[in-house]
Amino acid sequence: MTTDEPLLRVRGLKVGFPTSDGLVKASDAIDLTIRTGETLALLGETGSGKTVLGMAILRLLQPNTRIEGEILYRGRDLLSLPEREMQKVRGREIAVVLQNSGTSFNPVLRVGDQIAEAITLHRGLKGPDAEAAAVDLLDRVRIADPARMAREYPHRFSGGMRERALIALALACNPSFLIADEPTRGLDAVTRREILSLFSEINRDRSVLFITHDIEAAATLAARVAVMYAGEIVEIGPVDAVLSSPVHPYTRGLLGSLPERGMRPIPGSAPSLIAPPAGCRFSPRCTFAVGRCEKEHPGLVEVGPGHYARCMLYD
Amino acid sequence: MRSFGVTPHARSSIRVWRWVTVSGHNVALYLSLGVILVYCAIALFAPVIAPFDPFAMSGSPLAPPDATHLLGTNDLAQDIFSRLIWGTRATLILGFLGAAVSVVMDTIIGIVAGYYGGRVDEAVMRFVDVMMTIPAFPLLLVVTIFFRPGIYVTAVIMGLFGGLNGVRIIRSQVLTLAVSDFVVGTKALGAGDGYIMGRHILPNILPLVGVKFVTSAQHFMLVGIGLGFLGIGDQNLVDWGQMIERASQNGGIILGLWWWLIPPGLAVTVISLALAWFAYAWEERINPRFQVMRV
């Protein structure tokens, strides 16, 4: 169920990591809206700032990170919330399925207990009640023999099972917004399809920010797609429009690099995030670049209904 | 079978504890644990085991071992066997209580410093550096001579003065845990710092804390015996240090009265070795770097 009411609104978000070489601008002036019940896929290559954006929403970045802008969730600015209030939002309102499912469970605690602790933290259920709820959750993400698996330690779970268990952990308090960070990474084709079908069930009741570089997964799950490059959103719009008729040269390159669409890689490599190109960040690699691309920084331009691209060609 | 990825250099630098494994079980571990448990049992049941009051005159002075006095008597006609048994109690209390105080302190400080990192870590570790330059034993001597504390207070003081050297190991371990995915994940579930430290970090470092406890216990036990030997132990109790001191000061060595001097000395040596072996064997078991070598 999708409504037009925005659940999450990110405005002018800038995230910078101070390093000895300078400030790494991991995301720069991000504007993003996610409506209630909507799934937005965030596409981009490694290092484009996708995960940073997800972590910034939950305020889970290192304490020395510089963050500017606004992240409005149900009208409240998460960036100015006191830590204690933020703890109530995490897990209960907004949950995350982290990448690296292999290391996202504490190796010395049983999986069931770790899911139960999320339930205890927010839902007030204790002991056997929380454990029963944990078993239910494992069952919901289709783990076979959930009662037995709940008593196992994480190392006894296979990669696909761990991914499911991680999803169960995120769903523990029935959050209205879920951030899924590359949940299909490192899974075989069959498991990947199963996880995707699980997500297509999960995203019926909630908004999902689906961070991925799996374009096919984005096409299956999302209503809208945002493409990130070098810390910026370069194209955003309805999934059909962006994936079937992409306008930004980077999106075209990204899609063209898929095996089934000719496998033509984009020449060059992503720019430094410490000193990104002054004009369009993609201009050094862009085959359509003209003189002004290197000097002026393009803004997002509407190219179709709800479809925006950050490119001079459409200015 | 060859173990891959292990360079000859790494191989030679590994401790040689492998010789004590029988069918996969580490004999050193179980043997030393057995010795420690026997000592604990003796300490616990001292009143039952000891045939005489350790302070009472129970026969003629300086009598050699016989059926009544298993290890003979000392110059005050006290039964040495009974004193040895009761001495186990004092010695273990000093060792284990001292170690407990020091390890609890190390764990709390190490977790807080490692978890928060940054300035907290910097401040705490500088403080620890300063504390570690304080010579613990002389300070302990002065305090005990001056205040003449009982055994429990002595143990606690020992733990407080001499016990910050575990902080660094624990902190370094916590530094890695604090940025691990499952800690970020638990934060993402809405857990607070205290909860994460207690429920997620602590269980991960417990094996390390255990090893530290055993090595400290050995250390503090020997320090306690040193205090007893210097005559500044708790005078209301028997400990092995005092027994050795009495034997050496009152002619045990000159007269060749072996039953007076050797039992407490041997008792110290055995428990001290057992604790050291146990710590090594346990460390080998929990440290993956040593595990690879078994292939």
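1. In this predicted model, the crossing of helices H7(B) and H10(B) is right-handed. Helix H7 of chain B covers residues 151–162 and helix H10 of chain B covers residues 193–229, and the two pack at an angle of about 120 degrees, with their axes 11 Å apart. Angles over 145 degrees would count as roughly antiparallel and those from 65 to 115 as roughly perpendicular, and H7(B) and H10(B) are therefore oblique to each other.

2. As for the residues that make this contact, B:Thr154, B:Met158, B:Gly159 and B:Gly162 on the side of H7(B) meet B:Phe220, B:Val223 and B:Leu227 on the side of H10(B). Sorted by class, the contact of H7(B) with H10(B) has 4 nonpolar and 3 polar residues, with no charged residues.

3. In chain A, 4 strands form an open sheet in the order S2-S1-S4-S5, with antiparallel pairing. Its edge strands, each pairing on one side only, are S2 (22–35) and S5 (76–77) of chain A. Strand S1 (residues 6–19) of chain A pairs with S2(A) in the antiparallel sense over 10 bridges, and A:Thr19 stands opposite A:Gly22 in S2(A).

4. Helix H1 (residues 50–57) of chain A packs on this sheet, where it touches S1, S2 and strand S4 (66–73) of chain A, and the direction of H1 makes about 70 degrees with that of S2(A).

5. Between the chains, the contact takes 21 residues from chain A and 15 residues from chain B. On the side of chain A that touches chain B, the elements giving two or more residues are helix H2 (83–89), strand S6 (94–97) and helix H3 (111–123) of chain A, and the largest share, 3 residues, comes from H3(A). The residues on that side of chain A divide into 11 nonpolar, 7 polar and 3 charged.

Note on methods. Residues numbered from 1 in each chain as written. Chains lettered and ligands numbered in written order. Predicted model: local features only at pLDDT ≥ 70, side-chain atom pairs only at ≥ 80, totals over all residues. Axes fitted to C-alpha atoms, helices over the stretch in contact; angles between N-to-C directions. Parallel < 35°, antiparallel > 145°, perpendicular 65-115°, else oblique. Left-handed = near helix turned anticlockwise from the far one by under 90°. Contact = placed C-beta atoms within 7 Å. Nonpolar A, V, L, I, M, F, W, Y, C, P; charged D, E, K, R; others polar. Pairing = 2+ DSSP bridges.
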